[in-house]
Amino acid sequence: NRKLFMDRLGAVANFAKTMPSLRPTLMVIDLDRFKQVNDSVGIAVGDSILLTLARRLTRILKPQDTLARLAGDQFGLILMSEQDPARITAFAETIRKTIRAPIAFNDREIFLTASIGLALSDPQTQLSDEIIKDAELAMYHSKRIGGDRIDVYKPAMRARKTDRLTLESELRRAIEREEITILYQPIVRLEDRSIAGFEALARWDHPKLGRMSPVEFISIAEEIGLIVDLGMFVMDQTAKQLAIWQRAMRSREPIFASVNVSSRQLLRHDLIHDIRTVLSRSSVARGTLKLELTESLVMENPEHAAQMLTRIRELGTGLSLDDFGTGHSSLAYLQRFPFDTIKIDQSFVRTTSRGTRPVILKSIIALAHDLGMDVVAEGAETDSDAVELYQLGCEYAQGFAFGEPMDADAAMRLLTEERLEQAS
Ligand code: C2E
Ligand code: CA
Ligand code: CA
């Protein structure tokens with residue numbers, strides 16, 4: 001199968017030399033933790049699961065696409081039927097969902113996920129069968145960050161093979177070397193589209209690898225225990241910035257800023273002390289510095305979390321429940337946590353392949369309101385997202401429709417512009 005696939009790829013690469021409009025995309029799809037499945041159900045059943053998946057994948061392909069099994073639990077795909085990058089990533093998302101659909105086995109259901117690496121052909125360089133290595137690198141990248149995701153190959157990924165130990169020691173020095181930047185993404189009131197606040201999102205400007213996304217370095221920081229310092233840094237900087245914005249915009253209702261908190265931070269009792277320190281250094285209006293905690297984080301240890309959250313709340317800090325809907329929440333606990341806001345994960349906000357929004361979106365909004373919480377919808381990318389969310393009763397939204405994460409100066413300009421508009 002692999003040999004046939006490589007032959008096909010070679011042929012496509014040859015064709016592309018005379019037909020520059022031919023721009024295939026390569027995908028390497030590797031199942032996550034498939035060995036465990038094999039170990040628990042046996043190799044024979046494992047094989048039939050692979051067959052089931054192959055059949056499912058074939059069904060969503062067009063005749064001009066090629067799918068092959070490259071190795072044990074790894075598939076390769078030469079995608080010819082889509083050319084537009086947005087449609088290609090949407091297609092990869094369909095593949096991811098297709099794999100995630102449960103597989104019936106005896107009276108059990110097996111859930112599988114995959115790491116998907118994607119290499120687009122670059123019109124500037126000649127296509128060669130080397131492109132499969134790029135897709136593989138992207139796939140390993142997905143796998144490293146936890147699997148069940150799609151990553152597009154970037155040249156920096158080659159450099160990123162630099163060993164993990166180097167990266168760890170570089171990250172340890174990143175704060176003092178001022179390589180950590182904080183970007184702020186607006187959260188708007190849907191009622192009048194005014195800015196209600198910002199979410200602080202960390203970036204690491206690595207001297208050689210360029211700007212790195214938090215999904216790449218937060219997990220490293222967590223593993224090496226650096227997340228406590230990093231978290232404190234982000235919280236402190238954000239509070240200082242928030243105080244500056246509030247001072248400059250004295251006439252309007254004070255905006256808020258929210259900061260992401262990791263589980264390692266919540267487990268330590270020092271978090272209370274850290275928050276107190278931050279609040280004493282910057283004078284921000286009560287309740288306007290907010291912490292965002294994910295559902296899976298608080299459910300890891302709900303009793304402890306409930307206690308900590310209550311104490312945090314007493315300090316005058318707002319609390320948002322992040323990525324709502326992606327973890328396992330107990331509704332009973334939800335009532336006991338003192339959150340003031342629920343952030344609905346992007347996956348519920350986005351329209352499905354049929355162009356409708358998940359039915360559950362409406363119920364989540366109603367549930368949050370019954371619990372006395374405000375709702376922020378994440379990943380609002382278009383104006384129609386915003387309009388529909390407002391109609392569903394959602395108060396706030398965040399997403400590319402209202403601005404991507406930006407630096408503090410750009411955020412200040414946005415606030416100033418808004419004030420000028422209101423005055424005129
Ligand atoms: P999150 O808290 O869910 O943050 C929202 C992510 O969605 C951000 O990615 C943001 O850029 C992205 N996003 C915003 N609007 C849209 C949209 O309309 N469409 C799409 N497709 N995406 C949108 P980012 O900045 O890469 O952050 C990723 C995650 O990293 C965050 O997810 C958060 O969990 C974590 N993170 C970021 N900064 C920190 C930090 O300082 N500390 C900790 N512990 N985690 C952080
Ligand atoms: Ca967040
Ligand atoms: Ca989120």
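## Metals and rings in a predicted model

Modeller: Let's start with the metals: the calcium ion (ligand 2) and the calcium ion (ligand 3) sit 3.9 Å apart, with D322 coordinating both. This is a predicted model, where local features need pLDDT of at least 70, side-chain atom pairs count only at pLDDT 80 or more, and totals for chains, interfaces and linings use all residues. Residues are numbered from 1 along each chain as its sequence is written, chains are lettered from A and ligands numbered from 1 in the order in which they are written, and side-chain values use heavy atoms, leaving out hydrogens and water.

Colleague: Which protein donors does the calcium ion (ligand 2) have?

Modeller: Donors are N, O and S atoms within 2.8 Å of the metal (3.2 Å for Na, K and Ca), and sites may look incomplete because water is not among the atoms. Here they lie 2.1 to 2.3 Å from the ion, and they are E199 (OE), N260 (OD1), E292 (OE) and D322 (OD).

Colleague: Is E292 buried or exposed?

Modeller: Buried means under 20% relative accessible area, exposed over 50%, and partly exposed in between (1.4 Å probe, protein chains only). E292 has 2%, so E292 is buried.

Colleague: What kind of aromatic pair do W204 and F217 form?

Modeller: Rings of Phe, Tyr and Trp (its six-membered ring) pair if their centres lie within 6.5 Å; planes under 30 degrees apart count as stacked, over 60 as edge-to-face and the rest as tilted. For W204 and F217 the centres are 6.0 Å apart and the planes make 80°, giving a pair that is edge-to-face.
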